[in-house]
Amino acid sequence: MRFTTGFCQVGTDCRVEASVADSRVTAALHRWLGESERDGSTVGSGSPTTVFVVVDRNAMPNREGYHLKVSPGTVQLTGGSAAGCFYGIQTLAQLSKPGEGLVSCGEITDYPDFATRGLLHDVTRGKVPKLDTLKTLAARLASLKINQLQLNIEHAFVFSFDPEICVSRNGLTPHEIRELDRYCRERFINLVPALATIGHMGRILSMPRYRHLAEIEGKLTWDRMDWPQRMRGLTLDCSSPEAFSLIEQMWIDVLQAFSSPVVNICGDEPWDLGEGKNKEAFSSTGKGRPYVRHLRKTHDICASHGRRTQFWSDVVRNYPDLLDRLPRDATVLHWGYDDQADYEGTAGFVEAGLETFVCPGTSGWKRIIPAMDLAERNIAAFADAGKRHGATGLINTDWGDHGHFNTLAGSWHGFALGAACGWRADHTTGEPFDARFAYHHFGTPDSCGVALLRSASAIAAQYETWRLFWIPLTTLQNEPGLPNEAELHQTAQAAAEAARWLEDRSGAVGTDQQDLRELLLACRFTELFVDKIRFTRRSGANPPESTASPGQREAWAETLAALTDEFADCWRMRNKDSGLDDITRMLEDLGREIRPGGA
């Protein structure tokens with residue numbers, strides 16, 4: 001980057017000379033110019049700016065790279081492909097001075113470190129986003145130069161072969177997927193299905209008609225399982241031809257809705273593999289070979305429909321001697337979400353000749369506010385390891401464990417950092433990144449608000465705040481490790497300050513008001529979390545009782561009831577009702593328990 005003095009004024013009256021035979025680039029160009037005009041540019045005085053857009057692979061060998069030169073009256077954009085031009089336009093939008101239709105003058109030569117830069121978004125463990133929500137997500141991701149969006153659908157897809165697996169009001173329909181698929185393609189994003197194929201099949205394998213296809217048959221129906229039981233799920237009997245027929249039916253339906261040339265067959269966390277019906281059979285062969293055999297068969301289904309596959313690394317990493325048996329055209333998704341993640345294990349897959357993507361996470365699941373510091377360390381470390389060892393992609397992940405209480409708004413800091421590190425592996429982190437994120441996401445000149453959210457979320461790096469919040473008070477009192485008073489005081493103070501900052505931003509131009517609302521709600525729940533932990537402090541009475549007074553407990557329950565209503569309203573703004581009842585029922589039960597005289 002080399003910036004010079006001055007600005008170039010842009011708007012809808014710009015002359016456009018584009019020799020790119022791709023309507024997606026033209027559409028992006030006009031969206032940018034239209035946004036500049038709408039933001040209040042005073043274009044019209046003097047000669048209009050000319051915008052030149054061209055593809056030149058000799059000038060920019062990296063297909064997704066671009067060269068940008070901005071001077072008064074002229075914008076010149078050269079891309080290595082249509083995609084490179086598209087990403088150059090996203091940079092122009094980032095350089096535009098808000099509210100004035102002005103772009104800083106200078107030159108940029110830019111290209112990505114990772115060819116694939118993606119996000120996996122969980123839409124099956126509680127929240128099922130509305131179509132408009134997913135379109136907004138895709139549009140924002142495209143502005144961050146993300147080129148792959150995965151939807152972890154498990155059972156949240158309306159299958160034609162058995163509509164009882166998921167009804168349309170609780171899941172994504174093939175029609176919705178096709179519309180979203182078109183929307184993503186217009187923004188150079190592959191919309192990829194991530195479908196559980198052996199583990200995490202609790203909803204389907206708990207249904208009476210499919211229960212016999214599990215390695216260990218469950219005794220509870222889905223509605224009777226608690227969140228940890230649902231997360232563990234049930235594991236498919238991978239030796240059963242009938243079980244594999246089920247997988248084939250599921251994939252045929254999914255492949256008809258998604259056009260992406262790549263699909264994620266998952267294969268992660270088959271907890272019961274070889275522990276039930278196949279225990280004796282697998283005792284001599286081990287679990288690795290049957291697992292790889294099942295993975296290959298699932299891969300072959302997708303390959304027969306012209307698709308390449310991806311799969312998670314957690315099982316195959318334990319069987320390095322079997323890596324040569326994996327499909328050569330498949331991609332390993334090497335994941336880990338904490339400071340102990342096996343970052344250097346990336347090398348083993350690359351050295352085995354397998355395309356490898358590194359997969360960090362936003363650390364939002366099982367938390368009220370995502371653990372921003374932990375997510376930052378995880379994303380940056382995986383990006384570094386991926387580049388050093390030759391990984392070709394970075395897929396950030398955003399899960400919804402335990403009912404998906406964590407908000408979409410809370411994940412945007414992690415989304416943006418994952419996109420930044422996917423483009424440049426050694427991207428700056430900490431306060432410099434926070435300042436840029438705050439400027440583009442909140443429209444503020446400094447990182448003050450993001451710093452307050454970081455401080456309020458610091459406790460989540462060590463404690464799963466949402467899990468500690470929803471479990472009954474009697475269970476919480478037996479929890480082996482809980483935050484101390486100093487940690488609670490710091491968290492409550494930061495959450496209150498962040499809430500005041502968010503309230504001050506209400507109505508501000510350039511800030512998504514629903515994002516502010518969700519973040520404010522997360523701060524208020526964090527304050528309640530602190531009080532709930534304090535309720536576990538016991539007095540010296542015999543029998544011991546909580547030191548909280550009846551009045552404090554009543555006030556807490558009343559606040560919880562009000563926030564529950566607000567949470568439900570926020571949920572419905574962006575998501576279908578699926579999973580909402582589970583959370584509201586749990587919060588109502590918690591309120592009854594906390595009230596004086598509660599069970």
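Accessible areas here come from the Shrake-Rupley method with a 1.4 Å probe, and for residues only the protein chains shown count as cover. On this basis the protein has an accessible surface of about 23,900 Å², and carbon and sulfur atoms hold 50% of that surface. The structure is a predicted model, in which local features need pLDDT of at least 70, side-chain atom pairs count only at pLDDT 80 or more, and totals for chains, interfaces and linings use all residues. Residues are numbered from 1 along each chain as its sequence is written, and side-chain values use heavy atoms, leaving out hydrogens and water.

The overall form comes next. The C-alpha trace spans about 80 × 60 × 40 Å along its principal axes. A compact globule of 599 residues would have a radius of gyration near 25 Å, and the protein, with 25 Å, agrees; the radius is taken over C-alpha atoms, and the globule rule is 2.2 Å times the number of residues to the power 0.38. Of the 599 residues, 58% are buried, where buried means under 20% relative accessible area, exposed over 50%, and partly exposed in between (1.4 Å probe, protein chains only). Of the contacts (heavy atoms within 4.5 Å) between residues at least 6 apart in sequence, 76% join residues at least 24 apart.

The protein contains 20 helices and 15 strands. These are DSSP runs numbered from the N terminus, with helices being H or I of at least four residues and strands E of at least two. Two strands pair if DSSP finds at least two bridges between them. Strand β13 (residues 331-335) is joined to β14 by 5 bridges, and the two run parallel. One of the residues involved is Thr331, whose bridge partner in β14 is Glu355.

The loop between β14 and α11 (372-389) holds Lys366. This lysine has a positive phi of about 60° although it is not a glycine, and Lys366 is buried, with a relative accessible area of 18%. Another positive phi in a residue other than glycine belongs to Glu269, at near 45°. Glu269 sits in the loop between β11 (262-264) and α8 (279-285).

Helix α1 (residues 23-38) includes Glu37. With a relative accessible area of 28%, Glu37 is partly exposed. Gly99 is 62 residues from Glu37 along the chain, and their C-alpha atoms are separated by 8.6 Å.
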